Every structure is written in structure tokens, then in C-alpha cells.
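Thank you all for coming, and please have the sequence and the model open while I talk.

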Amino acid sequence: MFGTWFSGFPRRRRVRLQQSLEPVLLVSGMGGSILNARSKNNGGESRVWVRIILANLEFKRKLWSLYNPKTGYTESLDPNIEIVVPEDDHGLYAIDILDPAWWVKLVHLTDVYHFHYLIDMLVECGYEKGTTLFGYGYDFRQSNRTEEVIHGLKVKLETAYKASGGEKVNIISHSMGGLLVLCFISLHKDIFEKYVNKWICIACPFQGAPGCINDSLLTGLQFVYGFESFLFVSRWAMHQLDMLNPNTGHQLVECPSVYEMLPNPEFTWKSEPLIQVWRKQSDSKGSSVGKLETFNSSNSASLFEEALRDNELTYNGKSVPLPFNSSIFKWSTETRRILTNAQLPESVSFYNIFGTSFDTPFNICYGSESSPLDDYSKICHSMPNYSFVDGDGTVPAESAMADGLAAIARVGVQASHRGLLNNEKVFECIKQWLELVN
């Protein structure tokens with residue numbers, strides 16, 4: 001896995017542009033920011049995401065969290081710990097190489113090289129960090145519309161605007177970062193219009209990521225395997241999240257951002273995303289038979305509730321219940337309404353890049369006719385079967401294309417979800433839309 005994706009990427013010649021450059025703000029998505037645990041006692045910080053060495057230990061000690069319905073935030077189980085995002089290098093450090101350990105750079109472990117190549121490309125085109133180039137990383141576990149996350153984006157826009165002498169900002173977002181930007185537009189359209197000139201959106205799950213998110217909530221498996229392109233880690237994600245360990249439970253059910261990427265039940269899909277379960281039942285003769293039950297986006301919550309009713313983790317020797325969180329689900333329903341009502345200011349140019357040509361999970365089936373499940377709770381410990389559609393391996397192209405905005409251009413690129421951040425076709429589009437010339 002060392003350098004397998006990008007090791008052959010040619011080095012670019014540094015080219016300084018003569019014209020004045022409008023500032024660019026890079027906005028990351030799910031799993032795309034370094035997270036540090038800060039001690040409230042002494043202010044000391046240590047990286048907990050992404051952390052390849054000692055990942056399991058640090059994640060359990062410092063990042064396990066519960067959703068607080070009173071505050072609307074996911075909060076650490078350790079009351080002496082707060083999760084923060086480093087602001088070094090004008091926000092770029094947190095979204096560049098997600099595990100910046102010296103040995104990761106030495107072996108060029110590209111699975112954690114996130115915005116790195118895009119940052120390099122922009123610098124080589126003449127952008128200067130802190131003057132015309134900025135990054136925005138945030139606690140991606142939280143809702144995309146929490147005051148802290150939204151305010152942080154506002155501050156970044158103001159900073160970039162002022163640092164460049166009053167030039168409007170061009171945003172480049174990746175994945176869930178697009179939902180954050182869309183929430184900002186819906187909640188603060190006037191501020192967005194004041195500070196933003198162009199928005200280039202890459203691989204955004206505008207209508208959700210059905211296969212990945214549904215399975216992530218139920219088993220965590222997709223979070224490890226299919227989601228590796230979404231979270232930029234693979235083998236060690238198992239240790240960071242322990243999704244398959246029945247003694248630790250599923251931490252994803254406490255992350256509002258995950259619920260906000262459930263498939264939109266109001267969207268008119270070409271084919272509605274489904275969750276199917278083969279259940280064991282008795283026929284008229286008393287023999288066990290398998291019956292196929294089907295759930296869609298409108299009634300899947302009932303399945304989540306049944307399947308996760310016994311979900312829990314053990315923290316400091318105590319069992320902590322982690323059922324399907326109805327409070328978060330209700331919150332995410334309102335987030336979906338906010339996203340749907342967003343209206344792009346006429347003065348802002350919008351561009352959409354989405355991935356194609358990769359098998360992308362869509363429908364999920366648990367159990368089989370010959371081996372049906374006798375209880376919904378068994379879903380959490382079963383291997384899913386998927387049906388696939390075209391997309392980037394995480395987000396279906398149908399969802400990523402359906403932005404509902406007046407786009408100047410929508411461009412499909414043959415690349416994976418993460419691979420879009422290091423793709424020459426994508427870079428060509430960005431240069432064209434930002435009006436960069438050599």
C-alpha cells in the first residue's frame with residue numbers, strides 16, 4: 001500500500017503567475033482533518049486522528065464520545081479532554097498529510113496524503129500560504145450546521161478576504177465539506193455572497209451516500225472497507241474505530257455528520273436505495289424459512305432502532321449504551337431541510353466535479369435465503385452483500401451530480417473518492433475555472 005496510488009506522479013515545475021490571484025480556501029470533508037486531544041488541565045495536545053502508531057490506544061482513551069442533545073455536540077467521554085483541530089500553516093497543516101509523522105513522509109505513505117497534491121499544485125501556480133491560500137479543517141464528527149463549525153468557516157472566509165486585500169474567496173471543497181458549505185449558504189447567504197466569488201465542489205454526497213452510510217451505521221464494515229477512500233485510512237481504521245469488536249460498539253451512531261449523509265428520502269432516485277434483510281420465520285408446517293424484508297429511506301430508522309438496541313461499548317470498566325440515536329436522527333432531518341432550501345447567490349459561480357467508473361455501494365442485503373437471521377440485532381455481526389451503481393466508490397454519481405444549484409459546469413472524472421484530489425483532469429478543471437495561466 002506504500003505509494004501505490006500516487007508514487008508515479010510526476011513532479012511539477014513551479015510556475016509563478018503574473019496576474020493577481022484571488023484567495024483560495026480548501027474545505028475538507030469526513031475524516032479529512034487532523035484531530036488533536038487537548039487536556040483541559042494542562043493544555044497539552046496529542047494527535048488522535050489520523051494516528052497510525054498507537055491508534056487503538058489513543059482513540060479509546062481520548063476520542064470515544066457521546067452525543068449531548070442539550071448542546072447538539074458530540075462530546076468526549078473523558079471530561080478532561082476536548083477535541084481540537086490544529087491551525088498551523090494557516091489551516092493547511094490539518095488537511096495536508098493526515099499523519100505527518102516523519103516515517104510516513106519517509107516511505108511516502110500516500111493513503112494519508114489528503115489535500116497535499118492539490119496544495120502543491122496551487123503553490124506551484126503562485127498561491128502563497130496565508131495570503132492567497134488557506135485551509136479549513138474541523139471536527140468532522142459534528143453536525144455540518146453546528147454554530148462552532150459554521151462560525152469557523154465564517155472566520156476563515158473573513159481571514160482570507162482581508163489577507164488578500166479585499167479579494168473575494170474561491171472555495172474548493174471535498175466530499176462532506178460540500179454539505180458544510182451548503183449549510184453555510186442556507187444559514188448565512190448574505191455573508192457567503194459578500195466573501196465568495198466561486199465554489200468548486202468535489203465529490204459531494206448532495207443526496208447522501210446510501211450504501212456506505214446505511215452499512216456504516218449498522219455494521220461499521222463499510223466504514224473500514226468501502227469507506228477507506230472516504231477516510232484515507234484502511235487497515236488501521238479497524239483499530240481506531242473497533243467497529244467489529246462487540247465489546248466496544250459502534251461509535252458512528254454518535255456522530256451527527258454521519259446521519260446527515262443518509263440517503264435523502266425526498267430525492268427522486270432512478271432506483272430507490274434499499275436495505276434488505278432475510279429473516280427466519282416459521283411456515284405453516286412449523287419449519288424455518290427465510291423471508292425477505294425490505295426497508296427504504298423513509299422507514300429505515302425502524303430497522304436501525306431494532307438492530308442497534310443492544311449496541312454498547314465498555315469505557316473504564318462500565319457499559320455505555322449506544323443505540324440508534326433518535327435525537328441525532330431528528331436533528332439530521334432538520335439539516336436535510338436546511339440543505340434542500342439553500343439558494344446559491346447569483347453572484348457566486350458554482351462548479352461540480354464528481355467521480356465515475358467505480359463500483360459504488362447502493363443497496364445492501366443481510367443474511368440469505370438459505371441462512372436467514374433470527375433477529376435484527378444479528379445484522380451488526382453479519383457480512384453484508386451489496387449491489388453497486390456508478391460513482392467514485394463511496395458517493396454514487398447520481399447523488400454527487402444532484403446539487404440542485406445553477407452550476408456553470410458539472411464534470412464527471414474517472415477517479416475514486418479520494419483519488420479526485422490528485423487527478424490531472426481535476427487539476428485542469430480547477431486551473432481553467434480559477435483562470436490560471438502558465
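This is a predicted model: local features need pLDDT of at least 70, side-chain atom pairs count only at pLDDT 80 or more; totals for chains, interfaces and linings use all residues.

Let me start with Ile353, which, leaving aside residues up to four places away in sequence, touches Ile200, Cys201, Ile202, Ala203, Val411, Val413, Leu420, Val426, Cys429 and Trp433, where contact means heavy atoms within 4.5 Å. Residues are numbered from 1 along each chain as its sequence is written, and side-chain values use heavy atoms, with hydrogens and water left out.

Ile353 belongs to strand 14, residues 349-356; helices (H or I, at least four residues) and strands (E, at least two) are DSSP runs, numbered from the N terminus. Is Ile353 buried or exposed? Ile353 counts as buried because its relative accessibility is 0%, and here buried means under 20% relative accessible area, exposed over 50%, and partly exposed in between, with a 1.4 Å probe and protein chains only. Ile353 also lies 8.1 Å from Ala400, C-alpha to C-alpha, although 47 residues separate the two in sequence.

Now to strand 1, residues 24-27, where Val24 and Leu26 point one way, Leu25 and Val27 point the other way, and all are buried. Strand 1 pairs in the parallel sense with strand 8, residues 169-174, over four bridges, and two strands are said to pair if DSSP finds at least two bridges between them. Within strand 8, Ser173 is the bridge partner of Val27. Strand 1 is also joined by four bridges to strand 7, residues 133-136, and these two run parallel, with Leu26 standing opposite Gly135.

There is also an open sheet of three strands, in the order 3-2-6, with antiparallel pairing. Its edge strands are strand 3 (45-49) and strand 6, each of which pairs on one side only. Strand 2, residues 35-39, is joined to strand 6 by four bridges, and across that pairing Arg38 stands opposite Glu82.

What space lies in the largest pocket? About 600 Å³ lies there, and 26 residues line this pocket, those closest to its centre being Ile83, Val84, Val85, Asp139 and Glu148. As for the terms, the search uses a 1 Å grid over the protein atoms alone, and a pocket is an open set of points where a 1.4 Å probe fits, with protein on both sides within 12 Å along at least five of seven lines, while lining residues have an atom within 4 Å of a point. Grid points are joined across faces, edges and corners, and a volume is the space filled by probe spheres set on the points.

Strand 5 (73-76), strand 6 (81-84) and helix 4 (147-163) each supply at least two residues of that lining, and helix 4 gives the most, with six. The lining of the largest pocket divides into 10 nonpolar, six polar and 10 charged residues, where Ala, Val, Leu, Ile, Met, Phe, Trp, Tyr, Cys and Pro count as nonpolar, Asp, Glu, Lys and Arg as charged, and the others, Gly among them, as polar.

The second largest pocket holds about 320 Å³ of space, and helix 13 gives the most to its lining, with six residues.
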